[in-house]
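Me: I am new to this structure and would like to learn how to read its features. Please take them one at a time.

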Amino acid sequence: MPALALVDTPVDAFSGDCSGVFIPPSPNSSSASLDWSPSLSSSLYRIDGWGAPYFAANSSGNISVRPHGSNTMPHQDIDLTKVVKKATDPKSSGGLALQFPLIVRFPDVLKNRLESLQSAFEFAIQTQGYESRYQGVYPVKCNQDRFIIEDIVEFGSSFRFGLEAGSKPEILLAMSCLCKGSPEAFLVCNGFKDAEYVSLALLGRKLQLNTVIVLEQEEELDLVIALSKKVNVRPVIGLRAKLRTKHSGHFGSTSGEKGKFGLTTVQIIRVVRKLRDVGMLDCLQLLHFHIGSQIPSTALLSDGVSEAAQLYCELVRLGARMEVIDIGGGLGIDYDGSKSGESDLSVAYSLEEYAAAVVASVRFVCDQKSVKHPVICSESGRAIVSHHSVLIFEAVSAGKRHETTPSDLQFLLEGYSEEARGNYENLYDAVMRGDRESCLLYVDQLKQRCVEEFKEGSLSIEQLAGVDGLCEWVTKEIGGSDPVLTYNVNLSVFTSIPDFWGIDQLFPIVPIHRLDQRPVARGILSDLTCDSDGKINKFIGGESSLPLHELDNNGYYLGMFLGGAYEEALGGVHNLFGGPSVVRVLQNDGPHGFAVTRAMMGQSSADVLRAMQHEPELMFQTLKHRAEELSLVHKPGGDKGNDKLVASCLARSFNNMPYLSVGTSTNALTAAINNLVYYSDEAAVGNGGGCGKNGKWSYSVD
């Protein structure tokens, strides 16, 4: 057992003498190597794989954002750490005083993603001689944030980029936003529909919006026919087909014959007949299908598009005035940077290869059937919004490797049972033989025996601690201890990364700074919730831990990347942890290289309480009144100063975010107590009492 042989421990430390005391040796400390560079960190965290062309490790050891992708000039790089500092520093230091966790949005990246998708299809259309155009839509379910939707409409207006809605609130926001977009932009209306939904879509056409009602169920056709006649609007109708093409990944469950949405061939024929019978077959103009999200390869993509193109041509043959083939979603992104397409985390193609495969498949089938090339529409949400949003959170503490010392460990054999003594003797013999496997076996036996005796009441906690300490020390010296630490992070997995908990979706997680330093530990991330599932213990690359640095007093910040789609929409309020703070950052040529154009503090405790039907204002008054009553009991006439202090602290807690406030908030609270006035994170709001960000929290002392 080489590890133990090198330890400066006398042999009689393991003797069977009952009066002997086991003293563990002092640990040998070794400093981490300084031979490290940002390029090594880039390889370690696979940044160039999943991050290109938007993220890189810069020479300062920080993550840089390249807002214009491959067209970004060197002076246009944005240092993400500087953005975080600007967002979270106190206002007295020129910051915005936002609390963690923090979402940083880069609209420039969003614009580049839209333009890259459009360019990819335009290039494929031009090089293949395709005789129509590409005209995409963004499915708002991916992220319904107002400013994201407005940006997409604005950025895509010049090439008729539209929106897709799947519910009544979504169609309302889509109609409102598209009033400022291109009049030719599609508003594709998917999802289950009732009379109100169909009426909204028809209203869209009256408002001169290019709405298309896509039939998900055969029964919806009767509603469309009846309501369109009632309001005297000629609808544009699409139908969603259930293809036979299906991929085997998690997201493939929405495709195939047993998929949740769409019409079978039998139903499609009945829809065509009914439309012909009522003189509305010319209204059928769009065919929609969806193979599934994260399509892994262009081979599968081409197979599905070819099948759909055959259906499209058949609808033309049956007399429909077809104009558009909507290939749905499925354009994937490479979460793990492997570009392998072997799992739901990876795709084995580029934007250009995706577009080329779609155009080639549609063109080949239509040319075979002598059918005019249709407009190609796609509903690519994940590929558009994932990159532009970064979630930043801080590690607030980390579990430490336990170092046994003479002051906290003394192992005496006296008082242990014969069985425990026998287990100890076996462990001692294995140590002396250098038999590592037997050591692990006897450590386990000794611990189990002593735990049983502790449960029976025959061992004290001091004796059990002595055994635990001895076993832990032996395990460490023979290299059998778990080297993975737990880093506690100021985050709720359920709120900010719900897909990790729900479907085991992995995202790249990387320190956003100190990338010029060698990581000295491996760790898992444990969130703030009182839930055993509130941890991140799976990472890209098949890793069960993440290389991390030691914590210091300067803060340690991690970024979760490629999470701009779905996570915000799906997040809940488990343990009443609400949504994070948000900043919107544009690249500029000023001294800092960026400008924050919008900043919003995350949900307060009052916000999340209100979301669960509580009344924070009433709760505040109830607690304030209780404090005043008790003050009268303990001091005749009451204690106005104490009443004021209690009210100020309550107001502050209702107003602040539910997450941990590290550093500055402690000082602010101390100031509030000392001065007996309500303080926010920055300064006293006023001498008149507490007032939150929305002016609702106040108190008075008569």
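Reply: The axes of helix α11 (residues 298–317) and helix α12 (residues 351–368) come within 8 Å and cross at roughly 35°. This is a predicted model, in which local features need pLDDT of at least 70 and side-chain atom pairs pLDDT 80 or more, while totals for chains, interfaces and linings use all residues. Residues are numbered from 1 along each chain as its sequence is written, and side-chain values use heavy atoms, without hydrogens and water.

Me: How are two packed helices described, and what is the hand of the crossing of α11 and α12?

Reply: Two packed helices are described by the angle between their axes and the distance between the axes. Axes are lines fitted to C-alpha atoms, for helices over the stretch in contact, with angles from 0 to 180 degrees between N-to-C directions. Helices (H or I, at least four residues) and strands (E, at least two) are DSSP runs, numbered from the N terminus. The crossing of α11 and α12 is right-handed (the near helix is turned clockwise from the far one by less than a right angle). Residues making the contact (heavy atoms within 4.5 Å) include Leu301, Val305 and Ala309 of α11 and Tyr354, Ala357 and Val358 of α12.

Me: How many aromatic pairs does the structure hold?

Reply: Rings of Phe, Tyr and Trp (its six-membered ring) pair if their centres lie within 6.5 Å; planes under 30 degrees apart count as stacked, over 60 as edge-to-face and the rest as tilted. The structure holds 12 aromatic pairs. In one of them, the ring centres of Phe100 and Tyr557 are 5.2 Å apart and the planes lie at 25°, so the pair is stacked. This pair links distant parts of the chain, 457 residues apart: Phe100 is in the loop between α4 (80–88) and β4 (102–105), and Tyr557 is in strand β19 (residues 557–560). Both Phe100 and Tyr557 are buried (under 20% relative accessible area; exposed is over 50% and partly exposed in between, with a 1.4 Å probe and protein chains only).

Me: Why is the pair of Phe577 and Tyr659 tilted?

Reply: Their ring centres are 5.1 Å apart and their planes at 35°, so the pair of Phe577 and Tyr659 is tilted.

Me: Where is Lys141 found, and what does Lys141 touch?

Reply: Lys141 is in the loop between β5 (137–139) and α6 (146–156). Leaving out residues up to four places away in sequence, Lys141 touches Glu170, Tyr566 and Ala569. Lys141 counts as partly exposed because its relative accessibility is 44%.
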